[in-house]
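Dear colleague,

Please find the structure below, handed over for your records.

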Amino acid sequence: MNSSTSSSASFGAASWIAGHPVGGAKVSPPAPFLRKAFQLPAGKQVASATLYITALGLYEAELNGQRVGDQVFAPGWTEYTKRVQYQEWDVTSQLTSGTENVLGVVLGDGWYVGYVGWNARSIYGGEKPQLLARLVVTLDDKSTVEVVTDNTWKTSVGPILENDLLAGESHDARRELTGWSSPGYDESAWLPVAPAKDPGIALVISAAPPVRNMGEIAPISERNLGNRRIFDFGQNFTGRVRLKITGAAGATVRLRFAEILEPNGDLYTTNLRGARCTDYYTCSGQGEEVWEPRFTFHGFRYAEAEAIKEKESVKAVGLTGVVLHSDTPPTGRFACSNPLLNQLQHNIVWGQKSNFLEVPTDCPQRDERLGWTGDAQVFIRTAAFNMDVRGFFHKWLLDARDAQLENGGIPPVIPRTDMKNDAGPAWADATIICAWTTYLCYNDKQILIDHLESMERFFEFMGRDCSLGNIRSHPDKLNWGGFGDWLALDGGGKTEGITPKDLIGTAFYAYDAELLGKIHAVLGNAEAAARYRTKRDEIARDFRRRFVTEEGLVVSGTQTAYVLALHFDLLTPETRATATKELVRHIERNQNHLATGFVGTPYLLDVLERNGRLDVAYKLLEQETFPSWLFPVKNGATTIWERWDGWTPDKGFQTPGMNSFNHYAYGAVGAWMVSTVAGLELDEANPGYQRVVFKPRPGGTITWAEAYLKTPQGEAGIHWKLGEKKEGAEAAPIHVDLTVPQGSVAILNPPEGFGLASGESLEFGPGKFALVLEKIAGAKAASYSQYVEKSTHEAVNG
């Protein structure tokens, strides 16, 4: 697929058309099939052919009986009030000169027409899916033939009786339109298409990684329960199943899906809320049949196949799991000596796979599946290690800019749905945080340039509409101050926790000012950078006045309150020690358990490390009892749970109204595992890993760890292991293997007290290095500021 151009002119004289007239807004109609037969002249060969195609809804195109492309859920999901994507496909090899050719398209409801979140259908205004397409064929004499969508197309309905991303898909194989997209098919019973209204939005070439079939999973077990069978795929994932079945004509199988089982072994589906999540297949009776849905997906580990009609005729049923997600190639890998942490990393990766489908969704199974801003911003740094998400976030931040409110606010979910208010602290801030993090990880200045105006509009909105003085979300200014520390355990049943929303808001307001100052500095705007730095200092000063005592106690005393004050550097040097001590005291009072929610958890371990309590950080990381990262791992989780207590032995399942077992937000800890446990970090002054920072910090039970990352320069990596402690030695040596890619330099920042006995430099050029770090009297670990100030920018670019 060619993505080098971006112009609605690609569609020439094509017009929007709609398919078969059956159906309406309140129910999912049968999927319309559309076809156009055309002739290519004899005696001339096809030199090139390009299909430009999009839909309001979803499409799958076929040319002369062969599918065009491999993208799933094309053209993708965007902010439909502003733009829709289109694809360009090279179809040269699929055409034949001197004979009839046929372009066929089947349309699905998708996000534009179907259910989105907990809303009714058609929230974007479309009652039926629409098609826009143009095929341009260039012949060997440089003449062209064009086929465009217009009133000469024909339409019918076929085997897809209903389709919806949340509800599922129903297919009656007795109604197959065999050969419908091939030459010679009898279309005499088909109807003319109907003209459709031009939505008046931008048509843009898709530059985002498409959703594809990314792999298949075979069941690890199967239980036969008479007319129904329950398949366990051993992994919670997002996708669908491929059904293989033998049955009489009219025999129907119902397919249901779940992430987890009830105690009696049945599917646990109450947490799906209003999403039906059910597929139906009716057999043609023509021997063994194989079927996979086109226009739906589910989040599941378990699938149940139940014969509900002509039960006795169903002789065999087999299922294969088909994994679907945006094609964001793997880039990083982490492992260590603790197998539970390795499983945690596995769960983090699969949580990302499951929820990076077109947009960064919160969950893939219930009636939600929305691009929540808060989830995305807390996880993006971890995401950028696991996979190449540069293009993914470029597209999503464009959606965010399109969805931005007139007053500058950022809605809670992107693309926007029925929630048209500002998302509030830690959610709306994603528009700045995600752009900055993308820049850091990929040295991508363009994303800062593209979104600077939008980021500044948002910052102005915070000061104008959300703040009293410099206190964001001040209760005297706003009735609703955001989602709080979502799902924190200190709320006494309140999902928002008890950390004051204006404290959270002001902390992120200061952070946004800091980031905008850095962004302007990167872009060479010194005056603006200084202005934002001053504003940040003013916000920090007012934060201390309102929320911090002279001794360093922070209002509410929650773990998250202390974490934010420390992480965003809002305290004076004199009060940091007190705040750190109070945070540790809170953790130890909880028997070394965390109590943070979505807001505080991503920064918790980093705060402890940077303030001299690496020991406590490791106790939290390796904690195995509730609440902890490893509690779900110990209880069979294969993805990250939405709640710390999604299930516990004493209470069973949490409330089904909000209890996803595939939510990536708490997987943000993966970034700390990479940067601290393994010791692979970037240098903010030289982004995109132009300068790699190796800073292993052994602790807890860990005896070895490693992390490898495909950076923009090539693979960077570190592997370390503790050696044998010699008699009389103060500590065991640390054996370190480093990989520095071409185009990068690196610095090794050893743990405090460790160094090279030879006294050699700890800075490296490209290559592979094997080192032994030994305990050396008086050696100290370099601070972050020390190794950033000693820039090697000239070496990188020289």
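Glu62 is buried, at 13% relative accessibility (buried means under 20% relative accessible area, exposed over 50%, partly exposed in between, with a 1.4 Å probe and protein chains only). Please note that this is a predicted model, in which local features need pLDDT of at least 70 and side-chain atom pairs count only at pLDDT 80 or more, while totals for chains, interfaces and linings use all residues. Residues are numbered from 1 along each chain as its sequence is written, and side-chain values use heavy atoms, with hydrogens and water left out.

The side chain of Glu62 forms a salt bridge with that of Arg294, at 3.8 Å from N to O (a salt bridge is a side-chain nitrogen of Lys or Arg within 4 Å of a carboxyl oxygen of Asp or Glu). Glu62 belongs to strand 4 (residues 58-63) and Arg294 to the loop between strand 21 (288-291) and strand 22 (298-309), so the pair ties together parts 232 residues apart in sequence. Helices (H or I, at least four residues) and strands (E, at least two) are DSSP runs, numbered from the N terminus. Across the whole structure, the search finds 52 salt bridges.

A further salt bridge joins the side chains of Asp327 and Arg212, at 2.6 Å from N to O. This pair links distant parts of the chain, 115 residues apart: Asp327 is in the loop between strand 23 (316-326) and strand 24 (332-336), and Arg212 is in strand 16 (residues 211-217). Asp327 is partly exposed at 22%, and Arg212 is partly exposed at 23%.

The strands concerned also pair with each other. Strand 16 and strand 23 run antiparallel and share 6 bridges (two strands pair if DSSP finds at least two bridges between them). Glu216 has Val322 of strand 23 as its bridge partner. Strand 23 is also joined to strand 18 (residues 228-246), in the antiparallel sense, by 8 bridges; here Thr246 has Ala316 of strand 23 as its bridge partner.

Finally, the aromatic pairs come to 44. Rings of Phe, Tyr and Trp (its six-membered ring) pair if their centres lie within 6.5 Å; planes under 30 degrees apart count as stacked, over 60 as edge-to-face and the rest as tilted. The rings of Phe11 and Tyr86 are edge-to-face, with centres 5.0 Å apart and planes at 80 degrees. Phe11 is buried at 2% relative accessibility, and Tyr86 is buried at 0%. Another edge-to-face pair is formed by Phe568 and Tyr603, with centres 5.4 Å apart and planes at 65 degrees. Both Phe568 and Tyr603 are buried.

Yours sincerely
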